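Please open the structure in a viewer and keep the sequence beside it.

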Amino acid sequence: TYLADLKTTTGMLSSTNSNEAITIYPNPTQDKFHVRLTNESKNSDLIIFDIFGNKVSQQTLSNSLLTVPVSHLETGIYIIEVSQGNNKFIERIVVK
């Protein structure tokens with residue numbers, strides 16, 4: 001079972017705690033979004049799930065900024081999961 005809190009947020013999504021700082025923008029998007037890691041953590045994993053919990057894409061972030069193409073995805077809400085070691089950041093993004 002996959003649970004998600006689908007709050008309405010537009011613009012930039014950020015998560016910050018003592019170990020991580022991640023920004024995802026723009027949201028909503030049409031063809032791509034960017035993931036910025038403000039710390040120097042390498043080899044973070046990014047997984048995109050559809051709203052039903054099916055994995056639709058997976059990538060490794062090898063530097064602090066990654067551009068993720070999403071023009072191949074259908075219009076809808078997707079869940080973005082970024083893993084850095086034992087830490088996970090989960091947010092949703094809207095593809096128009």
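How many residues lie between β4 and β5 in their hairpin? Select both strands: four residues separate them, and glycine 53 in the turn has a positive phi of about 90°. The model is predicted, so that local features need pLDDT of at least 70 and side-chain atom pairs pLDDT 80 or more, while totals for chains, interfaces and linings use all residues. Residues are numbered from 1 along each chain as its sequence is written, and side-chain values use heavy atoms, without hydrogens and water.

Next, display the whole chain. It holds eight strands and zero helices (DSSP runs numbered from the N terminus: E of at least two residues for strands, H or I of at least four for helices). Of its 96 residues, 39% are buried (under 20% relative accessible area with a 1.4 Å probe, protein chains only; over 50% is exposed, and partly exposed lies in between).

Now select β4, residues 44-50, where six of the seven residues are buried. β4 pairs with β5, residues 55-61, in the antiparallel sense over six bridges (pairing requires at least two DSSP bridges between two strands). Six bridges also join β4 to β7, residues 76-84, again antiparallel. Select isoleucine 48 to view both pairings: its bridge partner in β5 is serine 57, and in β7 it stands opposite isoleucine 80.

Finally, select lysine 88 and glutamate 81. Their closest N and O atoms are 3.7 Å apart, forming a salt bridge (a side-chain nitrogen of Lys or Arg within 4 Å of a carboxyl oxygen of Asp or Glu). Lysine 88 is exposed at 53% relative accessibility, whereas glutamate 81 is buried at 10%.
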